[in-house]
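Subject: A structure for you to look at

Hi,

Here is the structure I promised to pass on.

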Amino acid sequence: MKMSRRGFLAVAGGTGAALTLTSCGQEANPAQAGELLRSKAKLPEPFQVPLPIPPVKKPIRSDAKADYYQVVQRKASLEILPGLKTEAMGYDGILPGPTFDVRSGRTAIVEQVNELDVSTVVHLHGGHTPAPSDGWPLDLIMPANGQHGGHQMGGHMEGGDMTTGRRTYTYPNAQRAATLWYHDHTMDYTAPQVYRGLFGLHIIRDEEEAELPLPKGDREIPLIIADRAFDADGSFLYPALKDGPGVEAKYMEGVVADVTLVNGAPWPVHEVDAVRYRFRVLNASNARRYELGFDKGPATFVQIGSDGGLLDKPIEHKTLVVAPAERFDVIVDFSQYQPGDEVTVVNRLDGNANVMRFKIARKAADDTRIPATLSTYAVTPRPAGVVRREWRFRRGDAGGHRGWTINGKAFDPKVMQAQVKLDQYEIWTFVTDVHHPVHVHLAPFQVLTRGGRSKLSEFDHGWKDTVDIRPAEVVEVLVKFTAHKGKYLIHCHNLEHEDMAMMAGFETI
């Protein structure tokens, strides 16, 4: 049985700060979505590979208004599993791609060069970005030879702005300090291309954040978590169809794999001092959720930021539930451990499966602290008399497409399901059948209610661009789009769902 994007069978399927202590992730009631894909390669023992840190991308030139970068998308043979080579697609040939570390309000102009044999699109996830640079899924960068590289898009090539070989993206970075990420967004093929390596971090900094006495330098570390499976020869194992887009029917709910990579390394280990560290956590998995926890106390996660930047005050979590595409900015205090101690990060959704390990190397001085007030962020009161829209995420049959839909419709790039006025608040309601992490392009939102209650999940606070919605659940969010007119997307960020048409276009006017 095969399952393509346009036709598959619908299957039933110690700080001195004021902290709020949450309930171990149980309130979020997380559940794993997807089908397990097992590796055929011999897998290493965990905690043998050091944690890599992605390099910071340097501009090729700068002027008074902007920094200019060039990124080359190319294949690379990487040793991800010790002793084996894996062919990856990488920004600059590395996995993850280089980290952009930029200042709020300073424009980054990025030329993306496609030296791959497939078409690509780049989306800055969480970016307040003009429509021509947002990564509309048919704004393709074709390979230099102009061929589709085997991509079959079923007559949906219209409605895009294609270039050959390269495209320049303009990112104003006119937003709060936050942890963003960039990744492939190609029509029908986002899932396999992100899976094979096309993702990286984009960090925005501002003065408000810089004035905080938080860990910096070597004590500020990205943790980009992604699950992957490997064939016997070390190549990525992914259940793509051979004759077009989509995955084998068994994996329609999503692909979850048996190797956990952190910053591209399998179950890595990292030496730390017995002090506070800041971790920028990104779930870059296609479908897997994580409930991160420590195998031994007393460490907890003190959340200081969400997708859209700093919270108003810190929140302490015993565990951290992270859906695909969500980011959590957290502080972990290792000062109560002794040199020689080891603490393992595990995924409680998968029977405490290993994620990575920290080794406490030494005592050290630490002049950081977590302030009781982090930022000027404030919850926006629910406004009266605003436009309300409903977005239903479910399986269905729409015009011959049987499978994942939004409002009963498969994604059609020529159809805008909404026209949204700039500079006006709207309340959007998301309704699900099964688990869906919902992402909105262009603007962040605040979660108003979950399941009809104003008492939110402990993970819903702050500005977000992705919200994890449980089966048969209703979530309301408050959103306002500003500055940029054009075509944008709302979609499920389970990437198999996304590729199988669970996207909708809307236009800001």
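**What I found**

Let's start with a hole: the second largest cavity has a volume of about 80 Å³. A cavity here is a set of points, on a 1 Å grid over the protein atoms alone, where a 1.4 Å probe fits but cannot get out. The volume is the space filled by probe spheres set on those points, which are joined across faces, edges and corners.

Before going on, note that this is a predicted model: local features need pLDDT of at least 70, side-chain atom pairs count only at pLDDT 80 or more, and totals for chains, interfaces and linings use all residues. Residues are numbered from 1 along each chain as its sequence is written, and side-chain values use heavy atoms, with hydrogens and water left out.

Who sits around the cavity? It is lined by 13 residues (lining means having an atom within 4 Å of a point), and L223, L292, F301, V345 and F358 lie nearest its centre. The lining divides into 13 nonpolar, no polar and no charged residues (Ala, Val, Leu, Ile, Met, Phe, Trp, Tyr, Cys and Pro count as nonpolar, Asp, Glu, Lys and Arg as charged, and the others, Gly among them, as polar).

Which strand gives the most to this lining? That's β26, with three residues. Strands are DSSP runs of E, at least two residues, numbered from the N terminus. β26 covers 353-362, and β14, β19, β20 and β24 also supply at least two lining residues each.

β26 has partners, too (two strands pair if DSSP finds at least two bridges between them). Six bridges join it to β25 (342-347), running antiparallel, and V345 stands opposite M356 in β26. In the hairpin of β25 and β26, five residues lie between the strands, and G351 takes a positive phi near 60°.

Elsewhere, five strands form an open sheet of mixed pairing, in the order β29-β36-β35-β31-β33. Its edge strands, β29 and β33, each pair on one side only.

How far can you trust it all? The mean pLDDT (the predictor's confidence in each residue, from 0 to 100) is 91 for the chain, and 90% of its residues reach 70 or more. Confidence is lowest in β1 (20-21), at a mean of 34, and highest in β12 (178-184), at 99.

Cheers

Note on methods:
On a 1 Å grid over the protein atoms alone, a cavity is a set of points where a 1.4 Å probe fits but cannot get out, and a pocket is an open set with protein on both sides within 12 Å along at least five of seven lines; lining residues have an atom within 4 Å of a point. Helices (H or I, at least four residues) and strands (E, at least two) are DSSP runs, numbered from the N terminus.
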